[in-house]
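Here's a quick briefing to go with the sequence and the 3D view. Have both open while you read.

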Amino acid sequence: MKNRTLIYFVVVLLGMSLFSCKEEGEYHSISDKIEGESKPYHGPLTSEGLLTDTELIEITEGEHTFLIPERKGQIKSYACTECHSKPVSQMIGKDAPKAHWDIKLDHANSDAMNCATCHNGEDMNQLHTLTGKNIDFNLSYKLCAQCHSNQFEDWKGGAHGKKVAGWAPPRASNTCVNCHNPHSPSFETRWPVRFNTKTAIERNEGLGH
């Protein structure tokens with residue numbers, strides 16, 4: 001009885017191995033078939049025509065290579081060294097001119113973050129990481145990635161953030177600072193338009209308008 005059972009299992013295993021071997025036009029699994037017979041999703045579509053008026057640079061992060069908007073050309077007061085002719089440590093004092101008075105830092109808290117967390121006080125044309133590595137302003141997303149690693153991974157793969165044009169290639173994605181103010185990155189709470197309209201009417205009625 002044991003011999004029959006053993007022979008039975010050997011025959012079954014042999015049959016499975018023979019039928020599982022891929023022959024011409026056949027696949028090991030449904031995943032192999034999907035991958036083997038899939039056609040490019042976008043076909044001939046391209047978003048190149050929508051990108052002609054946008055200054056873009058190419059980056060590679062891990063296995064992902066795509067385009068992002070050039071940043072420095074959009075900063076009103078860049079290059080920073082046009083005003084910051086000395087290191088910040090030499091410009092501090094009661095008689096020193098007050099700059100950036102209109103910027104309020106609302107990003108984490110003052111115990112964890114201040115201006116020098118991201119800005120290089122010795123060379124204001126550069127940003128720098130928590131470990132002191134210089135970062136070009138065009139690559140400021142690298143600073144965000146230090147704390148927001150999950151969002152960074154999603155962004156690299158295209159699941160977080162917005163596209164510059166459309167979903168068709170070439171891929172061009174906005175960076176963190178294209179959507180978030182780096183000094184105050186949280187979005188204001190918004191309510192549906194209907195709620196706002198209803199609330200406005202109720203407030204006016206309460207004021208006797």
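Start with the pairing of Thr60: its bridge partner in strand 2 is Thr65. This is a predicted model, where local features need pLDDT of at least 70 and side-chain atom pairs count only at pLDDT 80 or more, while totals for chains, interfaces and linings use all residues. Residues are numbered from 1 along each chain as its sequence is written, and side-chain values use heavy atoms, leaving out hydrogens and water.

**The hairpin**
- Strand 1 (residues 56-61) and strand 2 (residues 64-69) run antiparallel, joined by six bridges; two strands pair if DSSP finds at least two bridges between them.
- Strands here are DSSP runs of E, at least two residues, and helices are runs of H or I, at least four, numbered from the N terminus.
- Two residues sit between the strands of this hairpin, and Gly62 in the turn has a positive phi of about 65 degrees.

**Cysteines**
- Cys80 counts as buried, at 15% relative accessibility, while Cys83 counts as exposed, at 62%.
- Buried means under 20% relative accessible area, exposed over 50%, and partly exposed in between (1.4 Å probe, protein chains only).

**Confidence**
- The protein averages a pLDDT of 82, and 78% of the residues score at least 70; pLDDT is the predictor's confidence in each residue, from 0 to 100.
- Over residues 18-23 the pLDDT is below 50.

Technical notes:
Contact = heavy atoms within 4.5 Å.
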